[in-house]
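Look over the model below.

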Amino acid sequence: MASTPCPPRTATTAHLNSPLSSSSSVNHNKPSNLSFLHASSNPSSVKLLHSVSASFSPSSTTKTGICNVLKTVESADISLSRDLHGVVSTAKPTILVSEKLGEAGLDLLRSFGNVDCSYDLSPQDLCAKISLCDALIVRSGTKVTREVFDAAQGRLKVVGRAGVGIDNVDLQAATEFGCLVVNAPTANTIAAAEHGIALLTSMARNVAQADASMKAGKWLRSKYVGVSLVGKTLAVMGFGKVGSEVARRAKGLGMHVIAHDPYAPADRARAIGVDLVSFEQAISTADFISLHMPLTPATNKVFNDDTFAKMKKGVRLINVARGGVIDEDALVRALDSGIVAQAALDVFTVEPPPKDSKLVQHENVTVTPHLGASTKEAQEGVAIEIAEAVVGALNGELSATAVNAPMVPPEVLSELAPYVVLAEKLGRLAVQLVTGGSGIQCVKVVYKSARDPDSLDTRLLRAMVTKGIIEPISDTIINLVNADFIAKQKGLRISEERIIVDSSPEYPVESIQVHISNVQSRFASALSENGNIRIEGRVKYGVPHLTRVGPFSVDVSLEGNLILCRQVDQPGMIGKVGNILGESNVNVSFMSVGRTVKGKLAIMAIGVDEEPDKDTQKKIGEVSAVEEFVFLKL
Ligand SMILES: NC(=O)c1ccc[n+]([C@@H]2O[C@H](COP(=O)([O-])OP(=O)(O)OC[C@H]3O[C@@H](n4cnc5c(N)ncnc54)[C@H](O)[C@@H]3O)[C@@H](O)[C@H]2O)c1
Ligand SMILES: O=C(O)[C@H](O)COP(=O)(O)O
């Protein structure tokens, strides 16, 4: 994200535990008897933040205990609030709203704190104000950069994004500065879907172009003959919240709707009469293509010269997702050559786009200035959703729409830290073993432990498996707070099983297994006897290890990247594959071979520092005894 210049500050320290800078706020930062742990997505950067102050009896040193104590104090009509760092303050928090927010949300905020609505602040003015604020609420127009968090001098506790996309908030900086970021992911879904349909229909009938020409004094009836929608094929790319609502509406217009989404369950699509198809099939058969996938490294410029060349000549394109999924120069070329007959765009790589943008000026392009979420109803809904989330966060409650920084009791986190890393890596490995298009629905996490199930809190481990599975295929940030919420939203059922083993209860977990059922695998050897993908890992000397892949035992430390290779068990295989990697300058960090029966099949797990190029991977695949192999990023 481009950084925003800020005025020089006299105090340069951005101290997480710094006292509140405004004299209007009181921070009773007395010695504590309970503290909350604030963890970033990187467990190694766990930070202990503010401590809770209040004179509790030892028996009230639990979260419930604190809530009860606070309730008692509040009922005595003293205005006390506890923030998400556990700080008790007698002052009302200050909430800065930097873009227009619905009245219902503002009312809710006003009943809780001092609300400063300052729209259209320059980056400098935002930095100058922010150190007086406990919360900031933005839409997509305010860039919440590292400089803003720095200028806040530790006072800013929560940033609320009144909408879905959080690409205008520097999440890494927010986490580093101990600031929670929450969003409002559901309230504008229908508005975005309706805008997609509005663009689809108005584009097909040249409404915008005809309107402009009439206003210029013309009457061009034959120039603006449109195309009909009924019976035409619409490909919905990304069958999530917005995409599925667009599909539902397009069915009502009599269109034949197909969808491409490698991670959406086929039965959810089938339920509304939509077939899930491959990317190639979707783009090559559609008359209209509507984009609803997130902007991730995998979708960045996924619509480019190569993909436009595969489309039906005369295809029409709608984008209400994110501008970055299209290579905009390639789209101009496709429009000029007639491959793309028309495009209707609500979002752009750079917003606002340059005034002389060829794409915006193109006569076959209809544009709107990022209006997908802009209905009165959606803005009221988003305002309430974000106001509730921000007030909850300022009160220290766990938020279901938090996008960074889970809060976990310190003793739980320090014990589980290495298992947290293991759980995320197992999730990340397991999802990469799934063949794209299989539609993941059921994941089971199995913990073998000598501990009594009641004394093993697996929420964090389950959240990290979920994070490992979802993050590579989505732009959603997963943490302890939102993992179950997002999994449910994506139709993913994560179940857990605990197996009590007869070993030392000193360690919380002996092993973690991740099973994914009813999917096809890119690496058939990862399938267990019952056809599910199954991998297992353990923590050894504090380091996460992969110890089982399907029926094969292996033992490799989970660092760098991994090649899994199944071969006929015979001498010389390690040398052959190792040589190919060496010749391509790919450094091997470790290697382990596991087999079921001597002389039959074996799998080799090879840790590599770099990703082997396509040629090197091809050479490995051509080694005669190699039956299958897969490259996995950790
Ligand atoms: N224009 C606007 O004002 C506006 C309003 C709301 C949402 N949005 C944007 O629309 C997009 C969708 O929002 P949503 O709320 O439906 O999100 P969502 O997470 O519910 O849905 C996104 C879907 O895309 C799928 N996906 C991931 N990678 C994919 C790939 N490579 N190919 C195809 N599908 C893939 C995911 O599996 C998921 O089902 C987001 O980018 C969001 O920021 C824009
Ligand atoms: O991500 C979103 O929610 C949409 O893109 C809407 O953005 P907006 O709140 O700036 O309209």
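**The ligand site**

An oxygen atom of ligand 1 sits 2.6 Å from a side-chain N or O atom of aspartate 261. This is a predicted model. The side chain of lysine 490 has an N or O atom 3.3 Å from an oxygen atom of ligand 1. For histidine 370, a polar side-chain atom lies 3.4 Å from an oxygen atom of ligand 1.

How much of ligand 1 does the protein cover? On its own, ligand 1 has 860 Å² of accessible area, and the protein covers 92% of that. The surrounding shell holds 25 residues. Lys241, Val242, Asp261, Val320 and Asp346 are the closest. By class, the shell has twelve nonpolar, eight polar and five charged residues.

**The ring pair**

Now turn to the aromatic rings. A search of the whole structure gives one aromatic pair. The partners are phenylalanine 279 and phenylalanine 303, with ring centres 5.8 Å apart. Their planes meet at 40°, so the pair is tilted. Stacked would need planes under 30 degrees apart, and edge-to-face over 60.

Where do the two partners lie? Phenylalanine 279 is in helix H10, residues 279-285. Phenylalanine 303 is in the loop between strand S13 (288-291) and helix H11 (305-309). The pair therefore ties together parts that are 24 residues apart in sequence.

Key. Residues are numbered from 1 along each chain as its sequence is written. Chains are lettered from A and ligands numbered from 1 in the order in which they are written. This is a predicted model: local features need pLDDT of at least 70, side-chain atom pairs count only at pLDDT 80 or more; totals for chains, interfaces and linings use all residues. Side-chain values use heavy atoms; hydrogens and water are left out. Rings of Phe, Tyr and Trp (its six-membered ring) pair if their centres lie within 6.5 Å; planes under 30 degrees apart count as stacked, over 60 as edge-to-face and the rest as tilted. Helices (H or I, at least four residues) and strands (E, at least two) are DSSP runs, numbered from the N terminus. A residue is near a molecule or strand if one of its heavy atoms lies within 4 Å of it. A polar contact is a pair of N or O atoms within 3.5 Å; within protein, one must be able to donate a hydrogen and the other to accept it, and residues adjacent in sequence count only if both atoms are side-chain atoms. Accessible areas come from the Shrake-Rupley method with a 1.4 Å probe; for residues, only the protein chains shown count as cover. Ala, Val, Leu, Ile, Met, Phe, Trp, Tyr, Cys and Pro count as nonpolar, Asp, Glu, Lys and Arg as charged, and the others, Gly among them, as polar.
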